[in-house]
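Please consult the sequence and structure shown here while reading.

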Amino acid sequence: MKKIIILGSTGSIGKQTLEIIKKDKNKFKILLLSTDKNINIISKQIKTFKVKNIVVTNQKKYKILKKRFKKIKIFPDFKTMDKKLKVKADYVMSAISGIQGLRPTINIIKKTKRIAIANKESLICGWSLIQKELKKHKTEFIPVDSEHFSIWSVIKDFQKSDIDKVILTASGGPFLNNKIKRNVSIKDAISHPNWVMGKKISIDSATMMNKIFEVIEAKKIFNIELNKFEILIHPKSYIHAIVRFKNGLIKIIAHDTDMKIPISNSIYMGDNNQNFIKSKKINIKILNSLNLQKVKIKKFPVIKILNRIAKNESLFDTVIVSINDELVNLFLENKIKFLDISSKIWHLINLPLFLKFKHQKPKNLAQIERLNEFVRLKTRSLSVISQKK
Ligand code: NDP
Ligand code: MG
């Protein structure tokens, strides 16, 4: 039986991971699930999968769940869980959203043989720390973001020096073919045409920040130079990545817009029984209308940020993630407009106050977390003050 841990089991990726497991229940045992506040969903998950260990990070909800389930271990935070729960899993899915996922992701590496990481903020802000833990505990890593899983699956048997170009595709989000009005609602911004995802990543897809993050993510995990990356718009999201090799081959990876494809591969990879995914027929209609286009900077101004990304690993990556996180929060709180996210992020990342972090390497987790807090506070105060003027 494969022993499984899911960090963020009540979110979009977490739920899809459990759906895959449910179909093949006899092969798996769930050791631990986690939520921030969604205790109703996790209550159902506890019963369906007979889970004995749960982390609930929201303290009010933790107390309620603790009363609801007296016979199982419910932890109020990851630190307590880490100390008290001595287990070794076969597979962890890291699917907490945001930089809050970084510490639990790093700490869980020692408890598992394989970790699939969907939480892109962790990879962007803490890749060198994650990599260190992976090596130390000989834990296998599989990226789950669909573009990264695609790239990973075609380059894992090649040398880095064999790669000439990597193209990441972007759907263009809900506003690709519409004028972005000043009064875009939250509902409009999260209505992604191809994927159903959490709120934060849906807004990042609408601004195109998601693709900036994905370039940084890919640059780090594959150790490929920034100038080898390109972003192309591909509205149908059928192709996820294109890799051109120096031997003249170009590999194009396509699959249906279904996150269960990378997720189930990350669970079953290496198993003898690989008939886990029911492959659909090749979609000739979509292949005949791929419609790959360059990204228009006027429509997606955040694309300019590609010229600001630090070449080497630095704390500036955390700065970009934290500024964007806070601006998205401000938009969700109706404190700034949708279009402000792009203009303010460009303004803020160019402030000397933040640019200086380009020359500092991340040393440890606490430093990244402190920087995240500082950048968020600054972003909030600078954005709300400038809004009032
Ligand atoms: P969701 O918002 O749907 O789910 C996030 C999960 O994390 C939930 O279980 C949530 O709990 C938990 N969580 C949120 N905040 C905290 C916190 N402060 N402490 C502990 N747990 C917390 O996100 P997604 O599933 O869409 O995305 C997860 C990650 O995967 C993100 O980093 C995203 O960028 C990445 N990703 C997602 C894709 C997708 O298709 N959804 C595709 C590629 C990458 P609760 O339910 O209580 O809020
Ligand atoms: Mg992606």
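Domain bounds, as used below, come from an automatic or database domain assignment. The model is a predicted one, in which local features need pLDDT of at least 70 and side-chain atom pairs count only at pLDDT 80 or more, whereas totals for chains, interfaces and linings use all residues. Residues are numbered from 1 along each chain as its sequence is written, and chains are lettered from A and ligands numbered from 1 in the order in which they are written.

**Domains**

- The chain is divided into domain 1 (2-143), domain 2 (145-257 + 271-307) and domain 3 (308-389).
- Between the C-alpha centres of domain 1 and domain 3 the distance is 28 Å.

**Contact of domain 1 with domain 3**

- Contact here requires C-beta atoms, placed from the backbone, to lie within 7 Å; 12 residues of domain 1 are in contact with 10 residues of domain 3.
- On the side of domain 1 that touches domain 3, helix H5 (102-108) and H6 each supply at least two residues; helices (H or I, at least four residues) are DSSP runs, numbered from the N terminus.
- H6 gives the most to this side of domain 1, with 7 residues.
- The residues of this side of domain 1 divide into 7 nonpolar, 3 polar and 2 charged, where Ala, Val, Leu, Ile, Met, Phe, Trp, Tyr, Cys and Pro count as nonpolar, Asp, Glu, Lys and Arg as charged, and the others, Gly among them, as polar.

**Packing of H6 on H13**

- Helix H6 (residues 120-137) packs with helix H13 (residues 316-332) at an angle of about 150°, their axes being 8 Å apart.
- H6 is therefore roughly antiparallel to H13, a term for angles over 145 degrees on a scale from 0 to 180 degrees between N-to-C directions, with axes fitted to C-alpha atoms over the stretch in contact.
- Glu121, Ile124 and Cys125 of H6 make the contact with Asp317, Thr318 and Val321 of H13.
- By class, this contact of H6 with H13 has 3 nonpolar, 1 polar and 2 charged residues.

Methods:
Angles under 35 degrees count as roughly parallel, over 145 as roughly antiparallel, 65 to 115 as roughly perpendicular and the rest as oblique. Two residues are in contact if their C-beta atoms, placed from the backbone, lie within 7 Å.
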